[in-house]
Each structure stands twice: as C-alpha cells, then as structure tokens.
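User: I would like to go through the labels attached to this structure and hear what each one rests on. Please set the values against the cut-offs.

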Amino acid sequence: MKLEVQYDSLARQHATARLGMWVFLASESLLFAALFALYAAYRFIYPAEFHAAAAHANVLLGTINTYLLLTSSLTVALSIHETKHGRRRRALVLLAITIGLGVTFEVLKLVEYGLHLRDGIAPGGYYSFSELPAHGAVLYFTLYYLMTGLHALHVLGGLAALAWLWLRLYRGRITSESYLALELGGLYWHLVDLVWIFLWPLIYLVK
Amino acid sequence: MNELLRHLLNLPPQASSVARGIDTLHYTVIGATFAGVALVAAITLYFIIKFRRAGAAPGTTPRVVAPLWLELGVAGGLLTLFCAWWVVGFAQYRELETPPANAIPIYVTAKQWMWKFEYPGGPASSETLVVPVGQPVKLIMTSRDVIHSFYVPAFRIKQDVVPGHVVTTWFEAIAPGSYQVLCTQYCGTRHSFMRAQVIALAPEDFARWLEAARGPLPLPGAKGEGQGLAERGREVAAKHGCLRCHSIDGTPFIGPTWAHSFGTQRALAGGGSVLVDEAYLTESMMDPNAKIAAGFQAVMPSYQGLLDPEETAALLEFIRSLRDVEPVRPAPPPTGPITLPGGSRG
Amino acid sequence: MAEPDYLRAHAGIRSWLLTTDHKRISIMFFVATTLAVMLGGAFAMLLRTKLLIPGPGIMEPITYNRLFTLHGVVMVFMFMVPVIPAVFGNFFLPMMLGAKDLAFPRINLASFYVYVFGACLTLWGMIHGGADTGWTFYAPYATISPTDVAPIALGVFVLGVSSIMTGLNFIATTHMLRREGVRWNTMPIFVWTLYATSIIQVIATPVLGLSVILVALDHALKMGMFDPALGGDPVLFEHLFWFYSHPAVYIMILPAMGVVAEIVPTFARKNQFSYKALAYSSLGIAFIGFLTWGHHLFVAGISQLDAALFGIMSMFVAIFSAIKVFTWVGTLYRGSISLKTPLLYVFAFIYLFAFGGMTGIAVATTSLDVHWHDTYFVIAHFHFIMIGGTLTAFLGAVHYWFPKMFGRMYPERLGVVSAVLVFGGFNLTFVPQFLLGNAGMPRRYATYPAQFQTLNIVSTIGAYTLGAALLLTLTYLIVSLFRGKRAPANPWGSRGFEWRTPSPPPEHNFVEPFDPALGPYAYDQPDPKEAA
C-alpha cells in the first residue's frame, strides 16, 4: 500500500483505516438498532400476536443459517491468519469457503422467503395468510422481512467485497506484508455475523 | 396588567379556566427571555465600546480566564431558573391532561377535512361544538384517516388526534362566546380549511339548545346525523354479536351484564377492582384479557380492528345509557365449563 | 520558487472533478450548497408571497403544501446539515490540525458525489411535482399522499449517507492526523465542534435513513409499518423520526458555534475566556441532545412521565448553549476589539441565538408548548436558530475565511451594509411570526383566518428585504473573487494555525514548519512569527 502524503508512516495510515472501519461499523449498528427498537415497541404492544406469528418462523432454516454465518466468520478470520503467515494457498481456500457459506446463506434465505410467500405470508398490504388475522401479526412479518432483508443486503455487499478481496489475494496484491484490506473486509463480515446473532433469537427463538 | 401583556403579546382572550394560569407562566418566561437577552446585548455593547481597538493592534492582551465559581454560578443559576419553569409548566400540563370527574363527554371524530361532534344520547353536528359555560367538557376523540390536531387558541388547549387511538382532552369555557377551532397537524390538501367553532352558552341556554337539538327520534332503522348515538350502539352490539354473551337487562350470562354497569366499581379476578368507565370498556373490547371480571372466564375475543372508532363510541354510549337499568334477576354468575353459541366469535 | 496555490496547482476540469485535495472539494461543496440555499430561498419567497393574502389567491393549496415541504427538505438536508462541515470543515479541519489533508481523501470526494446524487434524486422528485407531506413525513398521511413521496424520501436517504461519510472522515482525522504538538486540550474549538457534530452525524443519521426508507416503502409498496388498520402506530414513526431530527438540529448549530469561537478571539485579539467550557459543552450538547426528542411529541399522546423526562432533558441541554454564550461574551473582556464584518455577524449571532434559544426554553415548558406546538411560534423559534444562528455564522465564516480561501479581500463597507440589512430583514420577517403563533395561527396553512393578515404582510416585507440582502452579499462576493484586493497571508492578525500559510494556501497546506505548542489563541504571548 502506498503511503499517502498526509500520513508520516504506514503504521499510522493503517491504524487510521482501521479506526475508520470501526466508526463505519458503529454507524451500521445504529441502522439495525433502529429496526430492533421498532420490533421491541410493537412486540410490547402486541405480545399475543407476535407470539402466535413467531410460531410460523422457520426455525430449522434460521438455525442452519446461524451455523453457516458463524462458521464463515471463523473461516475469514483463519484466512487472515494464514495470509499473515504467508500461506497464500490456504488463505485462498478459506476465503473461498467463507464466500461459499455466505452464498448458501443467501440461497437459504430466498428459500425461506419463498416458503413464506407460498403460504401468503407477505409484508404489509400483500399479507394474505389465512391462519392469522392481519392485525398485529402482519407487523411481525413485515419486520421479519425488513430486518432479514436489510441484513441480507448487507451480506450481499459483504460477499461482493470478499470476492474482490479474493481476486486481489489471488493476484498477489494482498500479501503477508500488506493485508489491511483483507483485515477490514473481515471486520465488516464479523459485524454482519454479529447482527445475525441478535436477529436470530429475536425472530426465531423468542417465545 | 394581565390584559396589557396579553395584548402586547397578541394572545387570544383567556376563555377557559386554565388560560389565565398558562398566560401568567408565559409572561414570566418571555419576560425573562427579553430581560436575559437585553442583559447579554447590553454587556456585549459595553465591552465593544470600552475595549474597542484604537489605532494599531496591540502585541498582546492580558490573559483572562473565567473563574470557576462564575461559570458554575451562571450555569447553576440558569438551570435552577429553567427547572423552576419546568416544574410549573409540568404541573399545568398535568392539569391539562386530567379531565375532572364531572366533565361531560362529547365524542369527536376527525377526518379529512372536517370535525364531527356527537353528544351522548343526543345530536351530532359538524363544524359547531356547543358547550355550556362553567362546566368541564371532556372530548373523546379519534381520527378516521390521518393525524389531525384539535386546537382552540382561546382555551390554550391542543390535542393530536391519531388514527387507531382514542385520545382525550378537556376544557371549561368561562364566558359565553364563539371560539375558533383550528386543525393544527398537517393532514393534506385542505388542512388549512379544517376549522370549526366552539359555541359556549350559558347553562340554561345550553339546556334549551340540547333539548331542541335532540328532537323526535327518526324512523327505526334510519342511520345518519339525526340518530342518537346510543341507538347506533345497540345496532352495533347486535351486528357484532356482543349480545350473544352480554345481556342488557341484568340477566347473568357468559359475560358481565351491561345493565347497571357503567360508573360502578367492578371486582376483578385475582383481586382489585376497576371503575367501569370509557377507558375500561374500550380496553375490554380491544384487549379483553387485560382485566377479567371476577367470576367470569377469559373467553372474550378481541375486537381490535373489527370495530371502527365510530362504532366503539356508539357502543360506549349504549352501555352508558343502560346504567340506570335495574338488573332483572340478580342471580350469581355462571360457573363451570362454557359453551359459546355458534362456536366462533361474532 | 513559490509553490503555486491550490487553485492554480492543477488546471483543467478533470483536475477538479477527480481531485482529492480537501480544499478543492470544499469549493465544490461551496458551489453546490450555495445553489441549494438559493433554491430553498426561492421556495421561501414564493411561500411568503402567497401568504400576503388569506385566501388561496392564485396558488392552489396543494401547490403551497408542496412548496413548504420542498423548502424544508432542501434547506435542512441540502444546506443546513452539510454546509459548514462540508465547506469550512473540509477546508480548515486539516489545516487547524497542521495536517496535509483529511484521513480519507477519496471518501471525501465520494461524499461530494453522493451529495450530488442525493440532490439530483430530490430534484427529480421535485420535477415530478414533489411531495406535500412536510419535511417530517408523518405517517399515515405520508403513506396516502397523492404526491410522489418516494423519490424525495430516497433523495434524503442518499444525502444522509453523504453526511455520515463526512462525519466518519472528520472523526478519523481528528484522532489520527494531529501534528506533533496539537493536543486534544489545545486544538482549535472549531475542531471540537466539528468532532462533536461528526459523532452525532455518524450515530443519528442511520436512524433517519431507516425512517425515510420506511416512508418510501410505505408509500410505494404499502408496507404498512405505521398503518392503524394493520395495527401500526403513527406515533411510533414520530419517535423514530425525531430520534434523528432532534440531534440533527445540533448538527446544524454546533459547527456554527465553532465558527463563532474562532472569530471572537481573532477580532478581540484575546484568549478564550474558557477553552474547557467551549470544548466540554460541545460534547455535552452532542450527548444530551440525543435524549430530548420527545419534546416534539408533547401533544401527540405520550405519557405524562415521558413528557416530564423529555422536558427536563430539554432544559438541561440548553445550559451548554448558555455557557457558550457566556464564554463568547466574556472573551471580549479586556480584549482589543476590531469591528469588521465577521465580528458584526458574530454579534448578530449572539443576540439572535440567545433570543431564539430562550424561546426554545419557552416551548420546552410543557404547558406553554400545548398552545404553541405546530403554530408559527415554533416556526419563528427554529428560524431564529437556523437563520439567526447558523446562516449568520455561515456568513461570518464566509467573510472571515474568504481571504484565506481565495486570496482576495471582500469590500468591507459593503460587508457592513449587507450585515445590517440581513439582520434587519431577518427580524422583520420572524418577530411577527412569534406574534402570529401567540394568536394561534397554525403552521403549514395555505389559507388562514383573515385576522392574521397584517402580521403576515409585515413578515413578507421582511422576507424580501432578507432575500435582497443575501443576493447583494452573493453578488459582491462573486465580484471580489476576480476584482477583490489581493489578500495577505494573515489580514486579521489571527494566531489560528490556518493563517500561518499563504493566502490561498498551497496544495499541501503549509510551506514552513510552525510550532503549535502555544495553541491558536495565545494572544497573551508575543507572536512567535513576529518575534522570529
């Protein structure tokens, strides 16, 4: 990485990049926090309806997705570790696994959406689920789509970034001396995982 | 003095029981504002004149730092002053939010772009809200579409009217007159046209007006402006199946009877009791398991989303109209397993 | 051989459009935000012209409703929120830290293009007729409005992203790019206020982003998050919206307060009366400002407990501003005061901000707010802060830093005349609006009861005066760009770090090294540069 004119050392430049990424992650957390707050408010108002609606969440798919994401956080961290120690081959494999796990996550999410839509569980004005009257329950499902949808969009962005990083690693632009970009990408991926860790119990496990 | 300040500040007449007190706080706060800003301006002006630069700039100026006691004094003094205003303002706000027990209820429906007023057991009207002087009036309000706001500048009262909520405000007019009502929450194209009038009449005049407004009952089955609200409530009760569980003549049945219930204390399962008023009845319709009456079981379904605000208001009025009906057979309430007629909710 | 200044260092349109020099990006933001304020001002002139008569006149109510919405959206999101940080923060934050650029120059350039994209989206929405929901987009009206709400809401979202990028850049720069000797407790106060602003931008703006996305989804796709028929609660939207929009007003005022804290010591030639008070109060405003949003909901049906808590927090946050006013005035004491245009604008600021701030205390007094909420009293209150405060400070900043940014002086006499006209026009416009609010005239009224007409006419005359004064200012400033007297490096004799370099500065900011150890306000010490 080239030293920019406003920095007097590469160490400072890298430390600043890391700080910038942390600030960005804090900002993104607030985006999800607002949705969580909305969820909490409506849950407080409609405890029975949310309880009834949550019974229709696909706990199996949700739990599989949790394992996929948790594992992917591990593999990306390992990938950085291997890069640091100059083991490029292993790093590429681990990063590819991370991307694969992320893609699987997205596919399962689409499957889950498809299953819900087939039953008529759609957000807002399109809701037509015969088992549960709309009032109150539809809010649970709309929030479900909004929260998991926003999260899935962030996963998509993360996958794009990881794919670009894989190419750079492959082409030798990321090395054991210069792997800051991979570190930053890994940090972002951990946030995406962390958000899911909060989402999963709230939507799938809560009674 | 009050009148002088009121005119200087362009405030409307103090036509409600709370207006004078609120204006007094207003004068205090605004007076302090003017005084404080004048002080700041005066000190600044004084410094500009006393310390203005004459000739070339000096090489240095003396180092002056604010003493901590002065900073804390200014901050503490101002905070004390602001909190004192907050205390008075909050006390007045609580009064504004708490209708007196003897307030007569009037139902208000806001919709784009008009106000509708309905009297218990009596007439309904748009654009004009007739009230007696010297008698607290409680407005029970909801909106049919978007957020509106009921504002009477002369009374110093305001309440946002939110769809999906039933909100209350109250006032007591202290002088006969006509007072403007303005919608003050932007609600669409004709927001600025959504106005009404409060007409305050001397009590005898009000009684005469109400008598005349009630008039002969319309033909049975007729609906509309002339129909009494309680009659409408009876229709709603029949239509939504309430009468399958609740009697109106005191007969004990699946749910508590509506006869002689409004305004009484009701014992609750698990201890405690509650006053049977609009709030409790509305809650019972929307969230029936929140409070279970002693001796009854939790079998009532929720009507949230099934009753619109106008129907809710009508039901409340109908139940209220039955408060003097003596129960026909004061037998103990049923116990044991319940079978609902029809098997599902009405 | 003198290094060329940043304006002349590279030539050609591409060297501007693809620049990473924070000073050039600042100039591009300057042009964009000036266009924005002219657009928002044009809407205001149309509104005030309509309000000369009580009836609809030649303007349909729905047109009026669209105009006040666009006026709010353009002024808040395209001018007030970005202007001082993206123009003066961009230009001077690095210089005040003794740095050569911001931490992330390319993110800085990206923030400009994101701003332009957001502005274009909003403009596109405007061309389609624009929304009529008010800049506050309250549910459920925003869902059922017949106007094109989604593009405007999305435009606001994108403008918010630009705001976050700026804030992120400033936070990283302040932490990591301070030159040796520039410490947290000696760096310029303008940096402190930008830092506090950036924290709010980074934490609060995502919540706004979510709110406007929900508005767009509700309107375009009937998501129904706040639709009572589906169980939604419109008051919840108000909470969500104001959670950002109250801290947003501190985003709009804090940088202006920083400008004041730079101008006063320079023109009074005096150290800060209390550096610590100015620094800590900035953080105090940022923190406590997050806890006051419910005072916009006093009559919306919140509980009495909520009303009490939000009311007391609103009283508390005002103390920080009061301490700042106290400190600015105290800095004049025993100084050597030179009455130039920047200082005149600062005096206007101190008076108008103190008055506007006290009317803020008044509306925070819960029972009084019941009468004033959603009336012209509130409009007058926030225009006193935003025009009397932020715009006035902005004009002070323009005149103060004009020589440094462009190497030219503005005409001092015209500056004084303009400042007086701006002050007079402003008061004529907005003082009557306090009286209109007292009388009960609601806001967002395309037509009004006839008894309010006289004060409305006075207010409109004031608006024309204010508009003319601002146009005059813009004119002589543009002329001065080409014909102004050449400016020396330090026309005001300031000890600020940004003055320790030629006017305009070279591309990498500083030519000679300087020792920042004494800080930028050490007027009690002889000037090291002069001594040497």
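This is a predicted model: local features need pLDDT of at least 70, side-chain atom pairs count only at pLDDT 80 or more; totals for chains, interfaces and linings use all residues.

User: How many of the residues in chain C are buried, as a percentage?

Analyst: The cut-off for buried is a relative accessible area under 20%. In chain C, 71% of the 532 residues are buried.

User: What share of the contacts in chain C joins residues 24 or more positions apart?

Analyst: Among contacts in chain C with a separation of 6 or more, the share is 83%.

User: Why is chain B called more spread out than a compact globule?

Analyst: The globule rule gives 20 Å for 346 residues, and the radius of gyration of chain B is 28 Å; that is well over the rule, so chain B is more spread out than a compact globule. Chain B contains seven helices and 12 strands, and its C-alpha atoms fill a box of roughly 100 × 45 × 35 Å along the principal axes. Buried residues account for 45% of the 346 residues in chain B. For contacts in chain B between residues at least 6 apart in sequence, 64% join residues at least 24 apart.

User: How do you know that strand β9 of chain B pairs with strand β6 of chain B, and with strand β10 of chain B?

Analyst: Pairing requires at least two bridges between the strands. Strand β6 (residues 148-152) and strand β9 (residues 177-183) of chain B are joined by two bridges, which meets the cut-off, and they run antiparallel. There, B:F150 stands opposite B:C183. β9(B) and strand β10 (residues 195-201) of chain B have six bridges, also in the antiparallel sense. In that pair B:Y179 stands opposite B:V198.

User: Why is C:D374 called buried, and C:K222 partly exposed?

Analyst: Buried means under 20% relative accessible area, exposed means over 50%, and partly exposed is in between. C:D374 is at 8% relative accessibility, so it counts as buried. C:K222 is at 42%, so it is partly exposed.

User: What makes the backbone at these two residues worth a remark?

Analyst: Most residues other than glycine have a negative phi. C:K222 is not a glycine, yet its phi is positive, about 55°; it lies in the loop between α8 (189-221) and α9 (234-268) of chain C. C:D374 also has a positive phi, near 60°, and its place is in the loop between α13 (366-372) and α14 (376-406) of chain C.

User: Which peptide bonds are cis, in chain B and in chain C?

Analyst: Most peptide bonds are trans. One cis bond runs from B:Q112 to B:W113, with omega near -5°, and B:W113 is found in the loop between β1 (104-111) and β2 (114-118) of chain B. Another runs from C:A139 to C:P140, with omega near -10°; C:P140 is in the loop between α5 (105-127) and α6 (141-144) of chain C.

Definitions and conventions
Residues are numbered from 1 along each chain as its sequence is written. Chains are lettered from A and ligands numbered from 1 in the order in which they are written. Side-chain values use heavy atoms; hydrogens and water are left out. Buried means under 20% relative accessible area, exposed over 50%, partly exposed in between (1.4 Å probe, protein chains only). Contact means heavy atoms within 4.5 Å. Helices (H or I, at least four residues) and strands (E, at least two) are DSSP runs, numbered from the N terminus. The radius of gyration is taken over C-alpha atoms; the globule rule is 2.2 Å times the number of residues to the power 0.38.
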